[in-house]
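Biologist: I am new to this structure. Please take one part of it, tell me where it sits, and describe closely what lies around it.

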Amino acid sequence: AAMPADGVVGGRRMGIKGNPIIKEAAVGCSDAVCGIIVAVDPVPEGGKRQKVSVDTGGAVLIVVTAWAVEVGNVVAVATVGSFCGDVEVRKSNVSGVETDGKLLDEATLGWPGGAANCTCILPASCQIGTTAPESRPKRVVAEATEEQIAEAAAKKAAVEERAAKAKAKKDEKAAAKEGKKTKASKEAEGSEEEKELVKASKAQLATIRKQLAAKRKAGEEITTDDELEAAGFMSL
């Protein structure tokens, strides 16, 4: 018999020579619901396994391995009888714990680009017992309260105050360092000036003393050292 133009026979799409083409695997999870974690306990002798109690409008007990979960998290849960892809969720015994559900990640939920092997944490706005979202919920940014605004302003002011104090301290240290340099420079200059002074010879000293006597006679109050330094000689 001739094959139909659309290649469909008995509800199946037929391939070359009438062989059936395998259909794509089912994705997503049927009947996934929102639940809130009410308890997290280690599984005795279960290694990294944890026993997670979830309220979905009814109690659901789940065992997970190395998944980050906390009491109060709102999560997506597949209960007994629902399907994850083509696999039915059934009651099972894991490390001696009777489980009746499965925690879901974003990939298992069928979310586009969803992460796998980690807990899908839902917004707190998701109502317990309702159907889990079919895609990643948009993040809702709440407006800040007056108290939060005041707290943020106080933190900003505190940071600015600390920065101003640190700058002032830094400037103070820099000024002190510059002051030391200036003082050392002046002392060096004074030392150079002292080195340039020479001792007056006997003849030069005799001449200066004559000049000194004449000035004193004229009423000036002056010492020999002053006169020597004024002439560029070392004091006595």
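Modeller: The largest nonpolar core contains 15 residues, and Leu104, Leu109 and Leu122 have the most contacts inside it. β6 supplies the largest share of this core, 3 residues. A nonpolar core here is a set of buried Ala, Val, Leu, Ile, Met, Phe, Trp, Tyr and Cys residues joined through side-chain atoms within 4.5 Å. The model is predicted, so local features need pLDDT of at least 70 and side-chain atom pairs count only at pLDDT 80 or more, while totals for chains, interfaces and linings use all residues. Residues are numbered from 1 along each chain as its sequence is written, and side-chain values use heavy atoms, leaving out hydrogens and water.

The part to look at is β6, residues 74–79. Strands are DSSP runs of E with at least two residues, numbered from the N terminus. β6 is mostly covered, with 5 of its 6 residues buried. Buried means under 20% relative accessible area, exposed over 50%, and partly exposed in between, using a 1.4 Å probe and protein chains only.

Next come the partners of β6. Two strands pair if DSSP finds at least two bridges between them. β3, residues 33–42, pairs with β6 in the antiparallel sense over 4 bridges; Cys34 has Ala76 of β6 as its bridge partner. β11, residues 101–103, is also antiparallel to β6, over 3 bridges, and here Val77 stands opposite Leu103. β12, residues 121–122, pairs with β6 over 2 bridges, again in the antiparallel sense. There, Val74 has Leu122 as its bridge partner.

Leaving aside residues up to four places away in sequence, Leu109 touches Gly28, Cys29, Ala32, Ala76, Leu104, Cys120 and Ala132. Thr56 belongs to the loop between β4 (49–55) and β5 (59–65). Thr56 counts as buried because its relative accessible area is 14%.

Asp31 is not a glycine, yet has a positive phi of about 60°. Its relative accessible area is 53%, so Asp31 is exposed.

Methods:
Contact means heavy atoms within 4.5 Å.
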